[in-house]
Amino acid sequence: MKRRNRYQRRKLTLKILFTAMGISMALISLMPIVLTITNSFMAESEITANYGAVFGASTQNSEGTAVTSYISQRVNLKFIPDMVSFSQYWTVLFNSPEYLLKLWNSIFLTVPVVVFQVAIASFAAYGFTRYRGRVRESIFFGYIILMLMPYQVTLVPNYLVSKWLNLLDTRWAVILPGIFAPFSVFLLTKNMRRIPKSYLEAAQLDGAGEWRLFSSVCLPMCKGCLVSVAMLVFIDYWNMVEQPLILFSDQEMYPLSVFLSEINSGEVGVAFAVAVIYMIPTLLMFLWGEEYLEAGITYSGGIKG
């Protein structure tokens with residue numbers, strides 16, 4: 001009896017410890033987001049008083065390039081503004097159209113990649129699932145190798161191919177490589193291969209062809225994975241930086257993810273407001289597809305153990 005009570009106390013202690021660790025990690029992860037949202041409602045004078053020590057005045061070096069000097073002083077991290085102000089949002093939404101232009105650039109670059117990558121990956125995954133063979137397995141292994149490579153490794157070949165196709169300084173230089181990215185193919189293939197063959201055989205006995213198998217059996221059973229892939233691809237390309245910097249020489253085509261880093265020290269409040277606006281699409285997508293995200297990745301072909 002004593003041993004059992006000791007075991008229960010130890011189990012309860014570990015449970016409390018892990019719960020406290022989880023809550024602490026969650027608070028640390030959420031702190032930058034909360035700080036950004038609350039600070040976006042601060043007046044510019046209050047932001048300068050709290051964070052002016054971080055963002056010093058811009059000076060020019062020997063080459064004539066503007067360099068921001070950072071002052072070593074204590075910064076006052078303030079979560080609650082003294083007085084709520086919407087001046088930053090007014091500036092972003094009505095007085096500075098360049099921010100909204102960059103936001104639309106992000107949308108025009110991200111949405112086509114998400115839609116067409118998921119569509120093409122679905123067809124490719126169905127092909128890898130239905131037709132197995134040495135050649136197809138070799139091609140699928142090539143997809144895995146490409147997926148494991150960081151984007152910086154393939155950036156130079158993408159640049160050379162885009163230059164050869166005269167796609168530089170066009171949205172296609174970013175969209176085309178994104179459409180044929182291997183990550184979605186890998187995840188959807190692994191998901192479709194978990195669908196029991198008896199489901200497909202039963203549909204074939206009912207007279208279903210390949211298109212019917214794909215559209216009426218495979219896609220509905222991979223709905224969670226499709227939503228998960230779309231969310232992950234959207235987040236990845238919504239936050240892209242390297243591709244526009246390398247493939248676009250015209251700064252008017254930059255998405256907001258690149259433009260955020262160019263906001264100078266005198267517009268810190270505007271930077272907070274733009275960051276909050278920039279977070280809204282990803283937060284809405286996560287809230288919409290939260291129930292599919294984990295289920296889509298751990299989906300076991302319709303059979304739950």
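**Notebook: the largest pocket and what surrounds it**

I started with the largest pocket: 30 residues line it, and Tyr151, Pro177, Ala181, Pro182 and Tyr237 lie nearest its centre. For my own record, a pocket here is an open set of points on a 1 Å grid over the protein atoms alone, where a 1.4 Å probe fits, with protein on both sides within 12 Å along at least five of seven lines; lining residues have an atom within 4 Å of a point.

Before going on, I noted that this is a predicted model, where local features need pLDDT of at least 70 and side-chain atom pairs count only at pLDDT 80 or more, while totals for chains, interfaces and linings use all residues. Residues are numbered from 1 along each chain as its sequence is written, and side-chain values use heavy atoms, with hydrogens and water left out.

**More on the pocket.** I got a volume of about 770 Å³ for the largest pocket, counted as the space filled by probe spheres set on the points, with grid points joined across faces, edges and corners. Its lining divides into 22 nonpolar, 6 polar and 2 charged residues. Which helices supply at least two residues each of the lining? I listed α5 (134–148), α6 (151–164), α7 (172–179), α8, α11 (223–238) and α12 (242–247). Helices are DSSP runs (H or I, at least four residues), numbered from the N terminus.

**Helix α8.** I looked up residues 182–192 and found the helix mostly covered, with 8 of its 11 residues buried. Buried means under 20% relative accessible area, exposed over 50%, and partly exposed in between (1.4 Å probe, protein chains only). Among the buried ones are Pro182, Leu188 and Met192.

**The core.** Leu188 and Met192 turned up again in the largest nonpolar core, which has 58 residues; they are listed with Val92, Val229 and Phe248 as having the most contacts inside it. Such a core is a set of buried Ala, Val, Leu, Ile, Met, Phe, Trp, Tyr and Cys residues joined through side-chain atoms within 4.5 Å. I also checked Val92: leaving out residues up to four places away in sequence, this valine touches Tyr99, Leu100, Val270, Ala273, Val274 and Ile277. Contact means heavy atoms within 4.5 Å.

Asn158 sits in helix α6. Is Asn158 buried or exposed? It counts as buried, because its relative accessibility is 19%. With residues up to four places away in sequence not counted, Asn158 touches Tyr151 and Pro177.

In the loop between α6 and α7 I found Asn166, which is exposed at 66% and has a positive phi of about 60° although it is not a glycine. Asp169 lies in that loop between α6 and α7 too; its phi is near 65°, and it is partly exposed at 33%. Most residues other than glycine have a negative phi.

**Cysteines.** My count came to 0 disulfides. Cys222 is buried at 0% relative accessibility, and Cys225 is buried at 2%.

Notes:
A disulfide is a pair of cysteine sulfur atoms within 2.5 Å. Ala, Val, Leu, Ile, Met, Phe, Trp, Tyr, Cys and Pro count as nonpolar, Asp, Glu, Lys and Arg as charged, and the others, Gly among them, as polar.
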